Amino acid sequence: MIEFNLNGKTVRSNADSETPLLWVIRDEFGLKGTKFGCGIAMCGACSVHLDGNTVRSCSIPISMVNGKDVTSIEGYDDKHGLQSAWVEEQVPQCGYCQSGQIMQAATLLDKNSMPSDEEITAHMSANMCRCMAYSRIQKAIKTAAKKNQRTVSTFKPTTSAEG
Amino acid sequence: MNWFKRTSEGQSNDSLQLSRRKFLIGAANSALVMAFAPLAMPLNASPSELISEKRFSPSIWFEINKQGAITIHVARCEMGQHVGTALAQIVAEELGADWNDVQVKHANSDPKWGFVLTGGSWSVFQMYKPLSQAGAAGRIALIDAGAKLLGVSPKDCTVRNSRVVSGSQSISFAKIIQNGVFERTFTPEEMATLPIKSPNKRHTIGFNKAALDIPPKTNGKAVYGIDVELEGMVYARPILPPTRYGSKVISVDDSMSKKVKGYIGYEILKDASNWIEGWVSVIADSYYAALKASEVIKVKYKPGKTAHINEQDIIDEGHKLVNESSPGVLFVDDGNVDTAFEEADSHLSATYTTHTAMHFQMEPLNALAQYKDGIWHIHCGNQSHSLTLPAVANALGVSHDKVLVHQYYLGGGFGRRAYGDYAIPAALTAKQIGKPVKLIFTRPDDSKFDQARSASVQKVSAALDADNGLIGFQHNICAGWPTLAMAPPFMPKGKDGNHFDPFATSGSDHWYSIPNTRVRTINNPTAQATFSPGWLRSVGPGWISFGAESFLDEIANKIKADPIVMRLTMLDGQGKNAGHHPHSTHGAKRLKAVLEHCRDLCNWNRKLPQGEGLGIATCFGQEREMPTWIACAAHVALDKQSGEIRVKKIYMSIDCGTVVSPDSARAQIEGSILWGISLALYEGSEIKSGNYASSNFHDYTPLRMHQMPEMEIHFIESDEFPVGLGEPGVIAVAPAIANAVFNASGVRLRTLPMKPEHVRNALKKQNEVGV
């Protein structure tokens, strides 16, 4: 029995300990926003957060998440600034990779509130978009970063470490 | 106008089919319904009776409920192009709808929709006229009813924001539907003469509307085929045989699989159509258990005859065929090519090769099959019910009316999901075990079952007169033919009466005026026997234009002409290149205009640093009958040490007539430019021992963000008929890069993908001969 926190709720799974987290999230807990793309951690469609870091859920055995915090795209509940930026910049085409792109981008902004073009490219080149909507992904990350800064300086000027 | 329409008898596409139908407007379930219906209908029933009693099978219809919500039914799939939004914009424009009231619904495989294929960059081109007319008919009915309620003459009414307006009075569509009476039939003749808005009065077409499919694609809620579950289903993973065709299973040993928790069993699949041969399906109560069990199952085969075939065998076959005296099917034959070549002062010829290229759409192939109440329900994203449904029915050995295909979002199509043969193993497994089955291909399974763009060989020859005038042009092209593999009845006849694949031919029938031109299109039987050649985004023109447009620069170099000036001279819009109304109005002159535009956009005559170059190419989209006029310039930098080609910037000028959805149109061009670069530089596989050598993203490497250049994209403002946009942006990129590499270094690359070692080898050769 493995127990972990999925999007703020404690969940338990009896799946074989080697089962990739991806299939447990999708098929056992029914959260289908996390996608299967390659199975070898090369494309990023299955990206989720494990204790605040982006991981490829297709290559993380369920035994490794015991007692940890897992966030999938559903955990954002449409409230993450990247999601509205994704709509504003009309990023998705087929959309299949976009949950993974957003999860990947989120950890970039967590660590670097105003990334440069080069930093965005370096971080996001780990994720494949077969429709190649890359220029809009770049743009949307910048849009979200700018908005985030404005929000921070307007409402929480004293608590913002990044200013 | 497209190949499927032109060549299919009885199964025409919707614009043709709709022109033979009448249009009904009536009330059903207190909603206003507008529908195309067959001409032969009961005479004693009103449109409302016919609609509400479902006494006919309506196609392309939309409805407005009494709250004013407008639902437009779209018989096209959503695979990234936001087609539902574009088609809804066309209806909303004529109807006078408030965009906030509009939603779209995607259709299932009911035959009432006619022959449906989302591909070929056809959707807007095909649907623009019928949807405009349908919207206009709806507007007239709403105005008639609204005018009555307002007590004014319909002549004094207009529509705006889902309201009928007359002077200072107005009434909402919702109110009209609650209180009005609708019984209206338009004959096909009336439909054809309905007044369509003039471009300067538009409020929806040509304006950016947020794509309706985007919000659910940012929160994980969009449902793709792979996300569908049904009560009582089990999971399966296919085990693919050593060759695409002709393999037989000799024995299966699943003793190790039985130790896997959740393993249910295996099935050797029996396909009544023999499309898949030698397949085993491994079944379990979870997908992971199916994966684990499949890894330890032992299958012995008798492989098919192509187990020894390699890429080079296909290329060699291509070389042999393009050099025969009159091979393949005669596609273009203008003037007298033989005489031109005999009388020429000089000749030039070159051979171009492209390697196997694959789809690698992000969502691995999958389908869920269930037999319920006598019907096979197939759940999967697909580009064509019309091609997928018969494939599944034939494999199951049932009639076509026993299969229903349910549509979902596609995690990429790019041509791979047109012929949905991936539903066959799901359906056969479900049939053999008597349970609903969700069958998912792993990425390596998906790659192995790809319908790749065939390797190709093309030989282009030119005849020049004493003044270096281009008097003769001969183009022999050879590849595996997708349409021969998957939809042979759709192959049209060439000039010699033989059938050919337009999707491995189109692009060679260019718009340059050359007095004597001949094109021969040749099937590569070795490719055809080894794998199922496929339709890959941009299809034939995607590789044929690489040969044609590279060769034009080779001619320009030989005769010391500027490649743009030389092209402009040949784009005179005379004779067959004059075009015709409405689809190709002004013909080649529009290609000339985009070329001039792109020349200025890229500042063509500027001086560039050592090792950098600009290259140009043009294309006309997917077909002469639906020309998307494009000129592309590539700015490249060459690292002579490593041989690496870096694309610094792509410039593209596009005339696609009326742009229905500007931002989505731009998104398509952004993506397709990068596809063009990817296919030119980074994507290429090979056939190895009868299979594709690439299996996953570690050995098939489409472009990623760090390889993206700057892009400058310009759409020419135009009120002409809208044409296709999903693919054409891919085509001119590869030849523009090849031409830029030549201009940067003098190295002529004639193979796709253009790899660093090709550059290094060519530079070495250049040094050896002291050029």
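Colleague: Which residue of S2(B) is the bridge partner of B:Gly26?

Modeller: That's B:Val33. Keep in mind that we're looking at a predicted model. The pair belongs to an antiparallel arrangement, where seven bridges join strand S1 (residues 22–28) of chain B to S2(B).

Colleague: And what's going on in the hairpin of S1(B) and S2(B)?

Modeller: There are two residues between the strands, and B:Asn29 takes a positive phi near 50 degrees.

Colleague: How many of the residues of S2(B) are buried?

Modeller: Six of the seven, so to speak of the strand as a whole, S2 (residues 31–37) of chain B is mostly covered.

Colleague: Switching topic. What's the strand order in the open sheet of three strands in chain B?

Modeller: S6-S7-S8, with antiparallel pairing. Strand S6 (158–160) and strand S8 (169–172) of chain B are the edge strands, and since each has a single partner strand, one side of each is left without a neighbour in the sheet. From one strand to the next, the twist averages 30 degrees.

Colleague: How many bridges join S6(B) to S7(B)?

Modeller: Three, with S7 covering residues 163–166 of chain B. In one of the pairings, B:Thr158 has B:Val165 in S7(B) as its bridge partner.

Colleague: Which helix packs on that sheet?

Modeller: Helix H5 (residues 123–150) of chain B, which touches S6, S7 and S8 of chain B. The direction of H5 makes about 55 degrees with that of S7(B).

Colleague: Zooming out, what does the domain assignment of chain B give?

Modeller: Domain 1 is 3–217, domain 2 is 225–305 + 365–440, and domain 3 is 312–356 + 452–769. The C-alpha centres of domain 1 and domain 3 of chain B lie 39 Å apart, and their contact takes 24 residues from domain 1 and 25 residues from domain 3.

Colleague: Which helices supply at least two residues on the domain 1 side of chain B there?

Modeller: Helix H1 (3–7), helix H4 (83–95) and H5 of chain B. By class, that side has 11 nonpolar, 11 polar and two charged residues.

Colleague: Last one: how many residues does the contact take from chain B and from chain A?

Modeller: 46 residues from chain B and 41 residues from chain A. On the chain B side, helix H8 (287–296) and helix H19 (662–682) each give two or more residues, and H19(B) gives the most, with six. That side has 24 nonpolar, 13 polar and nine charged residues.

Terms used: Residues are numbered from 1 along each chain as its sequence is written. Chains are lettered from A and ligands numbered from 1 in the order in which they are written. This is a predicted model: local features need pLDDT of at least 70, side-chain atom pairs count only at pLDDT 80 or more; totals for chains, interfaces and linings use all residues. Two strands pair if DSSP finds at least two bridges between them. Helices (H or I, at least four residues) and strands (E, at least two) are DSSP runs, numbered from the N terminus. Axes are lines fitted to C-alpha atoms, for helices over the stretch in contact, and angles run from 0 to 180 degrees between N-to-C directions. Two residues are in contact if their C-beta atoms, placed from the backbone, lie within 7 Å. Domain bounds come from an automatic or database domain assignment. Ala, Val, Leu, Ile, Met, Phe, Trp, Tyr, Cys and Pro count as nonpolar, Asp, Glu, Lys and Arg as charged, and the others, Gly among them, as polar. A residue is buried if 20 or more other C-beta atoms lie within 10 Å of its own, exposed if 12 or fewer, and partly exposed in between; C-beta atoms are placed from the backbone.
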